[in-house]
Amino acid sequence: MNSTAYEQRRSQIEHYFDRTAAQAWARLTSNEPVGRIRATVRAGREQMRQTLLSWLPQDMRGLRLLDAGCGTGALALQAALRGAEVVAIDLSPTLVQLAAERMAAEHPHLPGSVRFGAGDMLSPEWGTFDHVVCMDSLIHYDTPHIAQALGTLAERTRAAILFTYAPRTPLLAAMHSVGRLFPRSDRSPALSPVNGQALQQAIQAQPALQGWQAARTQRIAQGFYTSQAWEWLR
Ligand SMILES: C[S@@+](CC[C@H](N)C(=O)[O-])C[C@H]1O[C@@H](n2cnc3c(N)ncnc32)[C@H](O)[C@@H]1O
């Protein structure tokens with residue numbers, strides 16, 4: 001996907017995760033103690049990861065999985081423990097390096113494999129996959145860009161795409177408008193609250209997603225974490 005708006009957004013996200021938030025993200029995804037608010041986010045994210053993993057085959061030997069926007073690699077690790085051949089990609093070289101170091105230290109021998117890469121998860125260079133998972137890696141893009149990203153990934157996916165979006169809730173809508181009023185108050189790229197029906201229409205309008213079906217969906221809401229998982233099947 002090569003639009004200037006997408007590239008600008010992607011570059012803000014890369015800057016945020018690679019520099020502004022890299023340390024906070026490393027801590028959030030570790031076992032170190034965090035404050036009360038972040039603890040709810042950590043618990044919600046754990047529940048989300050378990051939900052997505054429960055939608056993947058238990059035995060993944062012989063299957064290729066793309067962990068698209070892998071962050072520090074927790075989902076990639078679980079898929080490799082099930083025997084998958086995982087490609088784990090993130091815009092942030094810092095997070096990718098941390099993910100690779102953690103995995104080498106904690107799980108030097110895996111039934112499957114993980115190849116880490118720093119770059120755009122939408123690039124064709126990563127190959128083709130049976131399963132693609134975008135856990136919270138599309139939440140900073142708007143609806144048209146989410147649909148285009150899914151269309152791009154669908155061209156290379158044989159079985160299923162699992163992704164999450166930030167559902168439009170009154171709290172998120174309020175945070176979004178406050179973020180617009182005070183753009184400098186928060187250096188993180190704003191979340192894009194998404195209307196599920198509008199997203200479904202945008203997805204169904206993508207040529208590469210013709211014939212794909214929406215399947216399971218699950219909202220996880222824990223304290224300051226709210227995210228909606230959605231499974232699409234070929
Ligand atoms: C909220 S974090 C989630 C990380 C990980 N999936 C997890 O759940 O722990 C979102 C991640 O998506 C990555 N990301 C966003 N857009 C991306 C893109 N186009 N290509 C690769 N990574 C991307 C960001 O760099 C960031 O690390």
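**Salt bridges in their setting**

Author: Among contacts between residues at least 6 apart in sequence, 71% join residues at least 24 apart. The model in which these contacts occur is predicted. Its chain contains eight helices and seven strands. The radius of gyration is 17 Å, close to the 17 Å that the globule rule gives for 234 residues, so the chain is as compact as a globular protein of that length. Along the principal axes, the C-alpha atoms fill a box of roughly 50 × 45 × 30 Å.

Two further values describe the surface and the interior. Buried residues account for 49% of the 234 residues. The accessible surface amounts to about 11,700 Å², and 51% of that area belongs to carbon and sulfur atoms.

As to charge, the chain carries 23 positive and 19 negative side chains. The centres of these two sets lie 6 Å apart. The count of salt bridges comes to seven, and three of them may be described individually, among them the pair Arg27 and Glu32.

In that pair, the closest N and O atoms of Arg27 and Glu32 are 3.0 Å apart. A residue is classed as partly exposed when its relative accessible area lies between the 20% limit for buried and the 50% limit for exposed. Arg27 has a relative accessibility of 38% and therefore counts as partly exposed. Glu32 also has a value of 38%, so Glu32 is likewise partly exposed.

Another salt bridge joins the side chains of Glu46 and Arg49, with an N to O distance of 2.7 Å. Both residues belong to helix H3, which spans residues 36-54. Because Glu46 and Arg49 are three residues apart in this helix, about one helical turn separates them. Glu46, at 34% relative accessibility, counts as partly exposed. Arg49, at 13%, falls under the 20% cut-off and so counts as buried.

Asp59 has a relative accessibility of 40% and counts as partly exposed. Arg61 has a relative accessible area of 63%, which is over the 50% cut-off, so Arg61 is exposed.

Technical notes. Residues are numbered from 1 along each chain as its sequence is written. This is a predicted model: local features need pLDDT of at least 70, side-chain atom pairs count only at pLDDT 80 or more; totals for chains, interfaces and linings use all residues. Side-chain values use heavy atoms; hydrogens and water are left out. Helices (H or I, at least four residues) and strands (E, at least two) are DSSP runs, numbered from the N terminus. The radius of gyration is taken over C-alpha atoms; the globule rule is 2.2 Å times the number of residues to the power 0.38. Buried means under 20% relative accessible area, exposed over 50%, partly exposed in between (1.4 Å probe, protein chains only). Contact means heavy atoms within 4.5 Å. Accessible areas come from the Shrake-Rupley method with a 1.4 Å probe; for residues, only the protein chains shown count as cover. Lys and Arg count as positive and Asp and Glu as negative; His and the chain ends are not counted. The place of a charge is taken as NZ of Lys, CZ of Arg, CG of Asp or CD of Glu. A salt bridge is a side-chain nitrogen of Lys or Arg within 4 Å of a carboxyl oxygen of Asp or Glu.
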